[in-house]
Each structure stands twice: as C-alpha cells, then as structure tokens.
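Okay, thanks for coming, everyone.

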Amino acid sequence: MGQIYLLDAISHKAEAFHGPVLIVGDFNHDLQALQAFQKLQRLGFVDWALVSAQAQHRLPQATCKSTARHSFTLANQAM
C-alpha cells in the first residue's frame, strides 16, 4: 500500500512543478487502477513503455514474472 500513497504524494508535487518530471518505480499494482495515475494522465504524463510499444507495433513487455507490468516510467510533456 505504501507505493500507492507515495505515488499520490508524487502526483501532488508533479502538479506544482514546472519543468521535466520523470517518475520511475515498481508500484506492484495495475497502473490504470490507481487514482494517482489518472491524475498524472490529466496532467499530461504518459507511460513510456506504452508509447514505445505503440511506436513499435507490439505489446509492452512484462516486468513481473513475465506475466504483468508493475514497473513503470512515467514522463510529463516537458520530457
């Protein structure tokens, strides 16, 4: 649960920060299910693995036991 609270706190800091922001971590959750990620998306953050996968016309690679993605790299539009 600590990762969820940490991502929420980070989203508040990211909202107030002007400039490039990169958030990297193993959140041990489905990112889409986290309210903090939904807030980050509204702020313009993207999941770089999804951007890369779309550009290469493939699925994103699993980061946990070859079955799920729990590690993420999120970047704002300034990156």
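Predicted model: local features only at pLDDT ≥ 70, side-chain atom pairs only at ≥ 80, totals over all residues.

Residues are numbered from 1 along each chain as its sequence is written, and side-chain values use heavy atoms, with hydrogens and water left out.

With that, have a look at His57. His57 counts as exposed, at 74% relative accessibility, and sits in the loop between helix 3 and strand 3. Its phi is positive, about 55 degrees, even though this residue is not a glycine. By the way, helices (H or I, at least four residues) and strands (E, at least two) are DSSP runs, numbered from the N terminus.

Three strands make an open, antiparallel sheet in the order 1-3-2. I call two strands paired if DSSP finds at least two bridges between them. Strands 1 and 3 are joined by five bridges, and Leu22 is opposite Ala75 in strand 3. Strand 2 is joined to strand 3 (residues 71–75) by two bridges.

So what is the bridge partner of Asp47 in strand 3? That's Leu74. Asp47 itself belongs to strand 2 and is buried, with a relative accessible area of 5%. Its side chain reaches the backbone nitrogen of Ala49 at 3.0 Å. If you count contacts as heavy atoms within 4.5 Å and leave out residues up to four places away in sequence, Asp47 touches Leu31, Arg69, Phe72, Thr73 and Leu74.

Next, how many salt bridges does a search of the whole structure find? One, taking a salt bridge as a side-chain nitrogen of Lys or Arg within 4 Å of a carboxyl oxygen of Asp or Glu. The pair is Glu15 and Lys39, with the closest N and O atoms 3.1 Å apart. They link distant parts of the chain, 24 residues apart: Glu15 is in helix 1 (residues 2–16) and Lys39 in helix 2 (residues 35–42). Glu15 counts as partly exposed at 44% relative accessibility, while Lys39 counts as buried at 14%.

Last stop, the surface. Leu22, Val24, Trp48, Val51 and Met79 make a nonpolar patch of about 460 Å². Strand 1 and helix 3 (48–55) are the elements that give two or more residues to that patch. For the record, patches use residues with over 30% relative accessible area and no salt bridge, joining like charges within 9 Å and nonpolar side chains (Val, Leu, Ile, Met, Phe, Trp, Tyr) within 5 Å. The areas come from the Shrake-Rupley method with a 1.4 Å probe, and for residues only the protein chains shown count as cover. Val24, in strand 1, counts as exposed at 58% relative accessibility.

Note on methods
Buried < 20%, exposed > 50% of the residue type's maximum accessible area, 1.4 Å probe, protein only. Polar contact = N/O pair within 3.5 Å; in protein donor to acceptor, adjacent residues only side chain to side chain.
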